[in-house]
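Please look at the sequence and the model first.

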Amino acid sequence: MRIGIDIDNVISSFNEVLFEEYLKHDKELRNKGIIYPDVYIRKMFDWTAEEEDSFYHNNIERIAKKLNVIDGAKEYIDKLKQDGNTIHIITGRDNGEYTDPVNMTKDWLKKYDIYYDELIFTDAYNKQSKADICIQNNIDIMIDDSISMCTNCIAKGIKTFLMNTKYNERVDIPRVHNWKEIYEVITNEEKSNS
């Protein structure tokens with residue numbers, strides 16, 4: 001099978017590290033802590049839109065370089081490849097937030113020895129981009145954390161699973177919670193298709 005895998009919050013610990021960085025900056029800014037606990041990280045604090053936007057854009061590249069790998073990601077991606085699947089990492093990092101998204105991402109993947117057959121960049125702010133890439137590359141299964149990306153992939157007939165996060169829990173899209181579950185879901189799909 002041809003498997004599409006997002007990076008941030010699917011392979012990398014993006015939200016975990018982003019949250020830590022926002023907490024640190026909040027202490028420096030006003031030290032009021034989390035004001036809105038039930039929203040996405042970028043809106044949890046009492047910062048003005050300008051303060052939040054400035055912090056995010058001035059620090060996102062530094063933050064992205066220090067992300068860790070989610071437990072099990074490397075091991076199960078390796079197993080999927082050993083099982084004969086083709087691994088397409090499809091990331092929305094070509095969105096204007098990084099000075100050199102290609103090399104930054106390749107370096108990060110190399111650092112953690114994450115296998116891929118192909119690395120594809122899209123614009124995370126173009127909600128249709130991943131669905132179009134999946135069609136162009138004949139992707140059988142896509143794993144992503146973005147509600148809109150998953151919804152658009154499903155609309156194009158691509159079997160899609162939403163990696164569970166706090167900000168996407170309230171939607172009815174088939175979801176996975178960890179890499180063991182991702183592996184099991186893909187293996188079951190392969191069995192049902194043969």
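Lys159 and Glu189 form a salt bridge, with 3.6 Å between the closest N and O atoms. Lys159 belongs to strand 5 (residues 159–163) and Glu189 to helix 7, so the bridge ties together parts 30 residues apart in sequence. The model is predicted, and its salt bridges number 17.

**Accessibility of the Lys159 pair**
- Lys159 is partly exposed, at 38% relative accessibility.
- Glu189 counts as buried because its relative accessibility, 17%, is under 20%.

**Lys130 and Asp6**
- A salt bridge joins Lys130 to Asp6, and the closest N and O atoms are 2.8 Å apart.
- This pair links distant parts of the chain, 124 residues apart: Lys130 is in helix 5 (residues 129–136), and Asp6 is in the loop between strand 1 (2–5) and helix 1 (14–29).
- Lys130 is buried at 3% relative accessibility, and Asp6 is buried at 5%.

**Glu52 and Arg42**
- Glu52 forms a salt bridge with Arg42, with the closest N and O atoms 2.6 Å apart.
- Glu52 sits in helix 2 (residues 49–65) and Arg42 in the loop between helix 1 and helix 2, so the pair connects parts 10 residues apart in sequence.
- Glu52 is buried at 10% relative accessibility, whereas Arg42 is partly exposed at 22%.

**Network**
- Salt bridges link Glu21, Lys24, Arg62 and Lys66 in a network.

**His177**
- His177 is placed in the loop between strand 6 (175–176) and helix 7 (179–193).
- His177 is partly exposed, at 47% relative accessibility.
- Beyond its neighbours within four places in sequence, His177 contacts Met163 and Asn164.
- The C-alpha atoms of His177 and Gly33 are 28 Å apart, with the two residues 144 residues apart along the chain.

Notes. Residues numbered from 1 in each chain as written. Predicted model: local features only at pLDDT ≥ 70, side-chain atom pairs only at ≥ 80, totals over all residues. Heavy atoms only, no water. Helix = DSSP H or I, 4+ residues; strand = E, 2+ residues; numbered from the N terminus. Buried < 20%, exposed > 50% of the residue type's maximum accessible area, 1.4 Å probe, protein only. Contact = heavy atoms within 4.5 Å. Salt bridge = Lys/Arg side-chain N within 4 Å of Asp/Glu carboxyl O.
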